2 protein chains.
Amino acid sequence: MRSNRRGRVRRQHVIETALRSFAEHGYRGVSTATIAQEAGISEPGLIHHFPTKADLLLAVIEHYEARSIELIQEALSASDGSYSGALLALAGSHEADPTFIRLFTVLAAESVSPAHPAHEWFVARYDRVRAEIADRFREEQGRGQIRGELDPETLARQVIAMFDGVQLQYLLAGGQLDLVTPLRALLDSYR
Amino acid sequence: MRSNRRGRVRRQHVIETALRSFAEHGYRGVSTATIAQEAGISEPGLIHHFPTKADLLLAVIEHYEARSIELIQEALSASDGSYSGALLALAGSHEADPTFIRLFTVLAAESVSPAHPAHEWFVARYDRVRAEIADRFREEQGRGQIRGELDPETLARQVIAMFDGVQLQYLLAGGQLDLVTPLRALLDSYR
């Protein structure tokens with residue numbers, strides 16, 4: 001049992017190391033040998049947990065997604081009850097974690113290639129998130145909180161694009177440009 | 001003279017081959033050996049023109065930027081004279097060239113790392129384009145074409161983010177989602 005626990009701790013340590021490394025260099029810019037070295041374990045030790053670099057990538061994405069869902073839940077509870085408020089709280093929490101933003105930005109762009117091991121995951125995620133956000137806006141429209149002539153599908157695409165785009169600007173500007181201002185101005189225009 | 005011309009033609013052929021390859025695999029996902037093979041020349045032949053992969057990347061970016069400026073000029077002449085019209089025409093022309101979109105999306109995201117050879121180029125480009133777009137919106141605001149209470153700097157950040165974000169969605173959706181609809185809705189909200 002103790003060795004199982006040690007195995008889990010080590011596995012988690014490898015995932016966190018790989019997350020930082022993929023965030024910095026992309027999936028394509030780093031080898032499992034480098035990640036093993038950074039994690040302070042042997043390459044066979046790493047391969048014991050993750051037979052291929054693609055397996056490690058999917059574990060990193062799973063870890064990312066779990067954290068992302070936590071942040072969304074926190075944002076929903078922290079907001080004034082409006083969905084717009086939750087999206088702005090979410091942007092604020094992303095700002096506090098540049099590695100998190102960087103990982104997503106780099107992997108999403110790399111994954112546009114169908115040959116990338118995260119391609120299907122990202123395609124499915126964008127479809128799912130777009131549908132979820134459109135549903136939320138449709139509900140707010142039903143309650144008169146969003147102007148009736150706007151198309152919820154288009155609003156969902158806009159919010160996702162704005163989120164992704166300002167994250168790229170934030171990273172290129174070394175954190176000097178915030179995420180919240182352009183997103184707030186967009187959401188305000190929906191009312 | 002003929003051999004100089006052959007050299008230029010070959011150099012251009014290598015740049016176009018590298019552009020497609022970087023668009024597909026990113027700068028990090030491809031070697032100069034692969035590009036030489038795809039271009040049908042020897043690796044020493046490639047190195048004669050581009051001593052390092054970073055040199056080749058900068059030549060590809062220069063080629064991209066020249067094409068980008070052409071597209072912007074065309075969009076400005078094709079539009080009804082409004083800056084918004086030109087931005088929508090530009091989005092339409094990007095849709096017609098997925099490789100062009102893909103190259104930019106992948107390289108911009110990779111380049112958030114300060115170690116990436118295109119990092120400084122992308123940082124400078126985003127600063128410059130943001131200032132240019134803000135100036136255009138400021139002028140339109142002066143002519144009463146954009147609402148007075150909006151901040152031109154924020155609008156510029158929004159337009160760039162929306163452009164980048166919808167391009168990512170377009171690529172992930174295999175071209176099934178257009179660029180123009182979300183951008184038009186954004187620009188309409190400025191009036």
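Predicted model: local features only at pLDDT ≥ 70, side-chain atom pairs only at ≥ 80, totals over all residues.

**The meeting of α8(A) and α9(B)**

- On the chain A side, the residues that take part in α8(A) are T154(A), R157(A), Q158(A) and A161(A).
- Their partners in α9(B) are T181(B), P182(B), A185(B) and L186(B).
- By class, the residues of this contact between α8(A) and α9(B) divide into four nonpolar, three polar and one charged.

**How the two chains are related**

- In general, two copies of a chain are related by a rotation about an axis and a shift along it.
- Here, chain B is superposed on chain A by a rotation of 180° with 0.0 Å of shift along the axis, and the RMSD is 0.0 Å.
- This is the relation of a two-fold axis.
- Both copies use the same surface, as 100% of the contact residues of chain B recur in chain A.

**The contact as a whole**

- Chain B gives 35 residues to the contact, and chain A gives 35 residues.
- Which elements give two or more residues to the side of chain B that touches chain A? They are α1 (2–25), α6 (98–110), α7 (119–142), α8 (152–172) and α9 (180–188) of chain B.
- The largest share of that side comes from α8(B), with 13 residues.
- Sorted by class, the side of chain B that touches chain A holds 18 nonpolar, 11 polar and six charged residues.

**A look at chain A by itself**

- How many helices and strands does the secondary structure of chain A come to? The count is nine helices and zero strands.
- Followed along the sequence, chain A reads α-α-α-α-α-α-α-α-α.
- The C-alpha trace of chain A spans about 60 × 35 × 30 Å along its principal axes.
- Chain A has 191 residues, of which 38% count as buried.
- Among the contacts in chain A with a separation of 6 or more, 55% are between residues 24 or more positions apart.

Key:
Residues numbered from 1 in each chain as written. Chains lettered and ligands numbered in written order. Least-squares fit on C-alpha atoms with pLDDT ≥ 70 in both. Contact = placed C-beta atoms within 7 Å. Helix = DSSP H or I, 4+ residues; strand = E, 2+ residues; numbered from the N terminus. Nonpolar A, V, L, I, M, F, W, Y, C, P; charged D, E, K, R; others polar. Buried ≥ 20, exposed ≤ 12 C-beta atoms within 10 Å, placed from the backbone.
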